[in-house]
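Here is a short report on one protein model. It takes up a pocket, a ligand and a sheet in turn.

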Amino acid sequence: MSTNTLSRITEQMTLPVIAAPMFLISSPEMVIECCKSGIIGSFPLLNARTADILDDWMKRITEELEAAKSKEPERRIAPWAVNLIVHKTNTRYDSDVELIKKYQPPIVITSLGAPGPVVELVHQYGGLVFSDVSNLTHARKAAQTCVDGLILVSHGAGGHAGAINPFAFMGAVREFWDGAIILAGCITSGQDVFAAAALGADFAYMGTRFIAASEGFASEEYQNMLIESTSDDIIYTDALSGVKANFLIQSIRNAGLDPDKLEKKEAVNLSQLNKPDNKAWKDIWSAGQGVNAIKRVMPVASLVEELCQEYKQAEVSLMARSSKNL
Ligand SMILES: Cc1cc2nc3c(=O)[nH]c(=O)nc-3n(C[C@H](O)[C@H](O)[C@H](O)COP(=O)(O)O)c2cc1C
């Protein structure tokens, strides 16, 4: 992605943050509120249960953001993004790609595999593709395609997380990649966003913090457990979805399972995700190690305002510390 494209996007933003796509959590309201608050809002296409529902959601997001822009042309309204699962078991792939063609979301985030032919399609209408990777092998493979950004899902992240420390991950990827970097994993406060920028990330990718946003689909019980939990209450396991992911230990116990006796599941099969007997994500809740910093549920607008204030404070306090040390 050229520096011009990057600055064209950041000029429309209040903070370099992407509210990450979360299965069963991200809602169209959340996406709209994020963009109106000046951060990129996103959702997994599979959160809409059918193609018709998805068509409605994409229409609504497009229309509401257009209306907000015409009403307040000076306001910073960030672009929106969708998350396409490119894993071979995604039976909705073809119809979801048709809707990407129809609504042309400015950013498409690919996950669980190589980005594939969707890159060319998105580029044809002027959109950008960010590919989610959790290790160096996948980062190198994605870097050889024409994607515009790599999302480095580091250790401790919510959902399917990597095992690499973010400092190590950033440094290693910068050796072979000069496109945009989006850093993910335990970025929970405005200070964390500032730290990600200091490390060289173009955007911070925040999932867990947005489970506690009022506009999302998370239940009150899930949000309360998130608020009450610390990093010690998170388990990293492949026993629940076949791929290593972080989950809240208490939700595993509440589902009648012993977190110490979980057995590895076979490879992920997305067609099973919405089946009633599938407990992962629906009854067993995912969260990253950043849970400590989450103290209450709040609307997206207030959450983003808080992040902006914390970011500025971090900047001021770093400047104060550096001038003292000079
Ligand atoms: C409940 C939950 C569901 C998630 N679902 C998805 C998903 O459907 N697609 C995806 O690419 N990433 C998914 N993720 C990962 C996030 O997009 C993001 O990488 C991660 O939340 C960032 O780490 P953090 O939670 O520590 O901020 C999910 C994460 C959580 C917590």
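## The second largest pocket

The second largest pocket holds about 310 Å³ of space. A pocket here is an open set of points on a 1 Å grid over the protein atoms alone, where a 1.4 Å probe fits and protein lies on both sides within 12 Å along at least five of seven lines. The volume is the space filled by probe spheres set on the points, which are joined across faces, edges and corners. This is a predicted model: local features need pLDDT of at least 70, side-chain atom pairs need 80 or more, and totals for chains, interfaces and linings use all residues. Residues are numbered from 1 along each chain as its sequence is written, and side-chain values use heavy atoms, without hydrogens and water.

Helices α1 (3–10) and α3 (51–71) each supply at least two lining residues. α3 gives the most, with five. Helices are DSSP runs of H or I with at least four residues, and strands are E runs of at least two, numbered from the N terminus.

## The ligand

| Residue and its polar atom | Ligand atom | Distance |
|---|---|---|
| F23, backbone | nitrogen | 2.8 Å |
| S111, side chain | oxygen | 3.0 Å |
| G207, backbone | oxygen | 2.8 Å |

Taken alone, the ligand exposes 610 Å², and the protein buries 94% of that. These areas come from the Shrake-Rupley method with a 1.4 Å probe.

Ala, Val, Leu, Ile, Met, Phe, Trp, Tyr, Cys and Pro count as nonpolar, Asp, Glu, Lys and Arg as charged, and the others, Gly among them, as polar. The lining of the second largest pocket divides into 11 nonpolar, six polar and three charged.

## The sheet

Three strands form an open antiparallel sheet, in the order β7-β11-β10. Strands pair if DSSP finds at least two bridges between them. β7 (159–160) and β10 (234–237) stand at the edges with a single partner strand each, so one side of each has no neighbour in the sheet. β10 pairs with β11 (residues 245–248) over four bridges. T237 stands opposite A245 in β11.

Notes
1 Å grid on protein atoms, 1.4 Å probe; cavity = no way out; pocket = protein on both sides within 12 Å on 5 of 7 lines; lining within 4 Å. Polar contact = N/O pair within 3.5 Å; in protein donor to acceptor, adjacent residues only side chain to side chain.
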